[in-house]
Amino acid sequence: EISTSYVLSGREVYASASIGIAISHAQHDTAEDFLRAADTAMYHAKNRGRGCVELFDTEMHAKAVGQLQIETDLRRALQRDEFRVLYQPIVATRTRQVRGFEALIRWEHPEQGMIPPAKFMNVAEETGLVIPIDLWVLRESCLQLKEWQQEFPMNPLLSVSVNLSGKQFGHPDLCEKIRAILDETGVIPLSVKLEITESSLVENPDAAAQILRQLKELGVRISLDDFGTGYSSLSYLHRFPIDLLKIDRSFVNRLSISKNSEIVRTIITLAINLGMEVIAEGVETDEQVSQLEGMNCDYVQGYLFSQPITSSNIHDLLSMTYPKIAGQNAAGA
């Protein structure tokens, strides 16, 4: 009945419905329990492609309870200082020198131990908690970068890349909050790279374009993450002020396949012609580095060089890489 067309202001209109059904059982004590269960089943129906019907079951219940617990724990995590930032080195392809780092959040849960972002960032996105979490990571990373730049001065400066959720684009005070963090930490904005995904641009391209232009005015650089894996459109590269493209690991892993290597070569050539730099992530072999170097890829990142590590381990790495600079600073101090 719902799918039957109807007339609205003289036009024929169609609508569809996703239906979630909850049947009484022991876990439902109140009307709110029923509604929550039916709502959960409805979202499962939407995820199946919409226009479907789903019956709430015990598996959904267990997942819903788990998600609810994660949400509750997430709300306390920032207050209890349970988040940690790890850093993965970004290496210049030609010189093999560390030029910067990607900041990666981890959650040190008091009961479950270290939790990777894949297990909690979806909940953070759905609840809006990703907004304060992103800003916390940015502040921590900028403070740490400032220390490294002071101890290991070099030209160009060491940089840090921080992921920025598409949810941030819905908040008009985002740029002011980022400006405040840059001012507070004293870091040079040009050495801060904000990573966004293609999907975040698609959700609201007009708002994204405006905010990215405002961010560029702050002096930070914009990196397009996982290029080629989402809603790729060459128009993005002209419409948005992008400084760097990150080639997803799924392409790098298949560099040995001729067709795939030509795709990577095309992306790199395109970026160079548009005045952008390129980072290839997920690099695990010397052969991949050699291939990427031959394609004029600027930077590489992956387990071949280092997994994500703590700030103290990064300090040790920099001390081994640039011992003279560190020694001179120590003597001057």
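Biologist: Of the contacts between residues at least 6 apart in sequence, what share joins residues at least 24 apart?
Modeller: That share is 65% in this protein, with contact meaning heavy atoms within 4.5 Å. The model is predicted, so local features need pLDDT of at least 70, side-chain atom pairs count only at pLDDT 80 or more, and totals for chains, interfaces and linings use all residues. Residues are numbered from 1 along each chain as its sequence is written, and side-chain values use heavy atoms, with hydrogens and water left out.
Biologist: Which residues touch the most other members of the largest nonpolar core?
Modeller: Leu74 and Leu215, in a core of 80 residues. Such a core is a set of buried Ala, Val, Leu, Ile, Met, Phe, Trp, Tyr and Cys residues joined through side-chain atoms within 4.5 Å. Buried means under 20% relative accessible area, exposed over 50%, partly exposed in between (1.4 Å probe, protein chains only). Helix 4 (residues 130-151) gives the largest share of this core, ten residues; helices (H or I, at least four residues) and strands (E, at least two) are DSSP runs, numbered from the N terminus.
Biologist: And what does Leu74 touch?
Modeller: Not counting residues up to four places away in sequence, Leu74 touches Phe83, Trp107, Phe120, Val123, Ala124, Leu129 and Ile133. Another core, of five residues, lies apart from that one and includes Ala92, Leu244, Ile279 and Tyr299.
Biologist: Switching to Asn260: buried or exposed?
Modeller: Asn260 counts as buried because its relative accessibility is 6%. Asn260 sits in helix 10 (residues 258-273) and, leaving aside neighbours within four places in sequence, contacts Phe251, Arg254 and Leu255.
Biologist: How many helices and strands are there?
Modeller: The protein has 13 helices and 13 strands.
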